[in-house]
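Subject: Structure handover

Hello,

Here is the structure you will be working with. Please open it alongside this message and follow the notes below.

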Amino acid sequence: MDVKEAGSSLDSIISSFNTRITELQELVIGRNMYPASSITDLTAVDASLKAMELQVQAIKDRLRDEIEAIPKAKKLIDASLRQQKKLQSMYSYAPSNFPDRVAPSNLESSKSLMSETSKQCTNFGSEKLEEEPAAPPKEKKGRAPPPLWFITIDELDSLSSYMRGRLTLEKVNAAINDMATYAEANAQLIAAPKKKLAENVWERALEIRDIAMTGGVKGKYFFLETDIKGPALKLDNTGRAILTVLRHLGRISEIRIGHHRVIILSKPQ
């Protein structure tokens with residue numbers, strides 16, 4: 001081997017040793033640069049990791065509870081939907097308003113009761129100018145009020161668009177409520193004794209009683225076309241359309257007695 005080549009190899013070996021020694025020194029310096037803080041940092045990291053593990057576990061527990069509650073929530077939603085359908089069905093049968101069933105004729109009767117009583121006291125002992133006609137048998141106490149056979153949305157939809165027009169379920173059922181009010185007023189007028197009625201009301205009561213004893217009307221609730229004065233049912237185009245619909249659906253029937261058009265409440269078939 002040449003002397004120059006041997007010297008060159010030796011230099012390279014020494015250079016490698018020096019490089020390795022430098023690297024080892026840097027490693028030692030880096031290891032011993034922050035001995036105290038390195039331990040603190042590792043402790044903080046460990047604590048953070050444990051806290052994160054606890055949070056993850058809490059989230060898992062919460063998710064498990066939510067999953068278990070899903071079937072109960074579905075049952076509650078189903079029950080709420082069924083109840084909503086029932087309430088909607090009940091609402092469709094109810095009219096928008098429920099006016100008090102007190103007819104104007106009855107109000108007039110109450111106002112004139114005192115005047116009629118005073119007249120009877122003045123004429124006490126005198127002969128009666130006319131015999132009081134026999135009234136129909138009095139209604140039993142607790143007699144059921146006139147029936148309210150409201151229509152359903154299906155019945156209204158079954159009508160032709162020409163017959164239905166712009167009528168709504170609410171308008172028609174409100175009119176049915178008005179008709180029951182008229183019929184109840186007539187029933188009270190038929191049952192009232194003469195001494196509780198004014199003279200002009202008594203004449204109407206006799207007329208109503210005659211109609212009530214007619215074959216097609218006897219034992220049924222009815223009212224006259226002249227009784228129609230609202231609030232929901234009136235003798236206008238809408239009112240006549242409602243009467244046509246109710247005749248078609250079997251809620252009312254009509255008969256003419258004398259000069260009166262009598263409307264009878266009918267049970268739907």
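A residue is called buried here when its relative accessible area is under 20%, exposed when that area is over 50%, and partly exposed in between. With that cut-off, 19 of the 23 residues of helix α7 are buried, so α7 is largely enclosed by the rest of the structure. Please keep in mind that this is a predicted model.

Overall layout

The protein has nine helices and three strands. Along the sequence they follow the pattern α-α-α-α-α-α-α-α-β-α-β-β. Of its 269 residues, 26% count as buried. The protein exposes about 19,600 Å², and carbon and sulfur atoms supply 58% of that area. Among the contacts with a separation of 6 or more, 69% are between residues 24 or more positions apart.

The same check works for helix α8, residues 199–212: its 14 residues should span 20 Å, and its end C-alpha atoms are 20 Å apart. The buried residues of α8 are Val-201, Trp-202, Ala-205, Ile-208, Arg-209, Ile-211 and Ala-212. To read such a list, recall that an α-helix has 3.6 residues a turn, so residues three or four places apart point the same way.

The sheet

Strands of a sheet pair through backbone hydrogen bonds, either parallel or antiparallel. Which order do the three strands of the open sheet take? The order is β1-β3-β2, and the pairing is antiparallel. The edge strands, each pairing on one side only, are β1 (222–224) and β2 (252–257). From one strand to the next, the twist averages 30°.

Strand β3 covers residues 260–265 and is joined to β1 by three bridges. Across this pair, Phe-222 stands opposite Ile-264, and Phe-223 stands opposite Ile-263.

Is β3 largely enclosed or largely open? Five of its six residues are buried, so β3 is largely enclosed by the rest of the structure.

Helix α7 touches β1, β2 and β3, and its direction makes about 95° with that of β1. Helix α9 (residues 237–248) touches β2 and β3, and its direction makes about 110° with that of β2.

In soluble globular proteins, nonpolar side chains tend to be buried together. In this model the largest nonpolar core has 25 residues, and those with the most contacts inside it are Ile-151, Met-179, Leu-233 and Leu-246. The elements that give two or more residues to this core are α7, α9 and β3. Which element supplies the largest share of this core? The answer is α7, with eight residues.

Not counting residues up to four places away in sequence, Leu-233 touches Ala-175, Asp-178, Met-179, Tyr-182, Ile-228, Gly-239, Ile-242 and Leu-243. There is also a second, separate core of 17 residues, which includes Leu-189, Ala-192, Val-201 and Leu-224.

Two single residues

Thr-238 lies in helix α9. Its relative accessible area is 38%, so Thr-238 is partly exposed. The C-alpha atoms of Thr-238 and Val-172 are separated by 9.7 Å, although these residues are 66 places apart along the chain.

Ser-266 lies in the segment after β3. Is Ser-266 buried or exposed? Its relative accessibility is 17%, so Ser-266 counts as buried. Leaving aside neighbours within four places in sequence, Ser-266 is in contact with Trp-149, Gly-250, Arg-251, Ile-252 and Ser-253.

Regards

Definitions and conventions. Residues are numbered from 1 along each chain as its sequence is written. This is a predicted model: local features need pLDDT of at least 70, side-chain atom pairs count only at pLDDT 80 or more; totals for chains, interfaces and linings use all residues. Side-chain values use heavy atoms; hydrogens and water are left out. Buried means under 20% relative accessible area, exposed over 50%, partly exposed in between (1.4 Å probe, protein chains only). Helices (H or I, at least four residues) and strands (E, at least two) are DSSP runs, numbered from the N terminus. Two strands pair if DSSP finds at least two bridges between them. Axes are lines fitted to C-alpha atoms, for helices over the stretch in contact, and angles run from 0 to 180 degrees between N-to-C directions. Contact means heavy atoms within 4.5 Å. The expected span of a helix is 1.5 Å times one less than its number of residues. Accessible areas come from the Shrake-Rupley method with a 1.4 Å probe; for residues, only the protein chains shown count as cover. A nonpolar core is a set of buried Ala, Val, Leu, Ile, Met, Phe, Trp, Tyr and Cys residues joined through side-chain atoms within 4.5 Å.
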